[in-house]
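Thanks for coming. I have one model to go through today, and I will keep to contacts and surface.

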Amino acid sequence: MADTNLTPTLKPETKVERPKLYKVILFNDDFTPREFVTKVLQGEFRLSEPQALQVMMTAHRKGVCVVSVYPRDVAETKATRATDAGRAMGFPLRFDVEPEE
Ligand code: TYC
């Protein structure tokens, strides 16, 4: 018993990878009303009204704006639902998903 070595010789491996995040991008267009874009950002992405206005105006002025980042399935579901909300009203509003660097 005196010779028993109780020190573990191998460290347990802990390989937990952080899930990759994906950006949801909003694209400007010439037809979708500003107020509609703002409402979609509030409803689908849970932005406050001031945040939604800021994102909408950034896309309006610069052409695109990152709305938020999520795990891939969440990002794709939200981008699809938000694009479909515009299409249902006849607007060409577009959201897309791209991996974060
Ligand atoms: N450019 C649109 C307009 O002037 C408003 C708009 C803003 C549309 C942002 C899309 O992502 C967008 N009615």
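I will start with the ground rules, then take the ligand, a surface patch and the salt bridges.

This is a predicted model, so to speak of a local feature I need pLDDT of at least 70, and side-chain atom pairs count only at pLDDT 80 or more, while totals for chains, interfaces and linings use all residues. Numbering runs from 1 along each chain as its sequence is written, and side-chain values use heavy atoms, with hydrogens and water left out.

First, the ligand. Which residues are around the ligand? They are Leu-26, Phe-27, Asn-28, Asp-29, Thr-32, Arg-34, Val-37, Met-56, Ala-59 and His-60. A residue is listed if one of its heavy atoms lies within 4 Å of the molecule. By type, the shell has 5 nonpolar, 3 polar and 2 charged residues. The classes are these: Ala, Val, Leu, Ile, Met, Phe, Trp, Tyr, Cys and Pro are nonpolar, Asp, Glu, Lys and Arg are charged, and the others, Gly among them, are polar.

Now the polar contacts, meaning pairs of N or O atoms within 3.5 Å; within protein, one must be able to donate a hydrogen and the other to accept it, and residues adjacent in sequence count only if both atoms are side-chain atoms. A polar backbone atom of Asp-29 sits 2.8 Å from a ligand nitrogen. For Thr-32, a backbone N or O atom is 3.0 Å from a nitrogen atom of the ligand. His-60 uses its side chain: an N or O atom there is 2.9 Å from a ligand nitrogen. Taken alone, the ligand exposes 340 Å², and the protein buries 88% of that. Areas here come from the Shrake-Rupley method with a 1.4 Å probe, and for residues only the protein chains shown count as cover.

The elements giving two or more residues to the shell are strand S1 (21-27), helix H1 (34-45) and helix H2 (49-62). H2 gives the largest share, 3 residues. Helices (H or I, at least four residues) and strands (E, at least two) are DSSP runs numbered from the N terminus.

Next, the surface. Leu-21, Val-66 and Val-69 form a nonpolar patch with about 190 Å² of accessible area together. Patch members have over 30% relative accessible area and no salt bridge; like charges are joined within 9 Å, and nonpolar side chains (Val, Leu, Ile, Met, Phe, Trp, Tyr) within 5 Å. Val-66 lies in strand S2, residues 64-71, and is partly exposed at 40%. The scale is buried under 20% relative accessible area, exposed over 50%, partly exposed in between, with a 1.4 Å probe and protein chains only.

Last, the salt bridges. How many does the structure hold? There are 6, each a side-chain nitrogen of Lys or Arg within 4 Å of a carboxyl oxygen of Asp or Glu.

Glu-101 and Lys-23 pair at 3.2 Å, N to O. This pair links distant parts of the chain, 78 residues apart: Lys-23 is in strand S1, and Glu-101 is in the segment after strand S3 (94-99). Glu-101 is exposed at 83%, whereas Lys-23 is buried at 13%. Lys-23, Glu-98 and Glu-101 are linked in a network of salt bridges.

In helix H3 (residues 72-88), Arg-72 and Glu-76 are 4 residues apart, so about one helical turn separates them. Their side chains meet at 3.4 Å, N to O, in a salt bridge.
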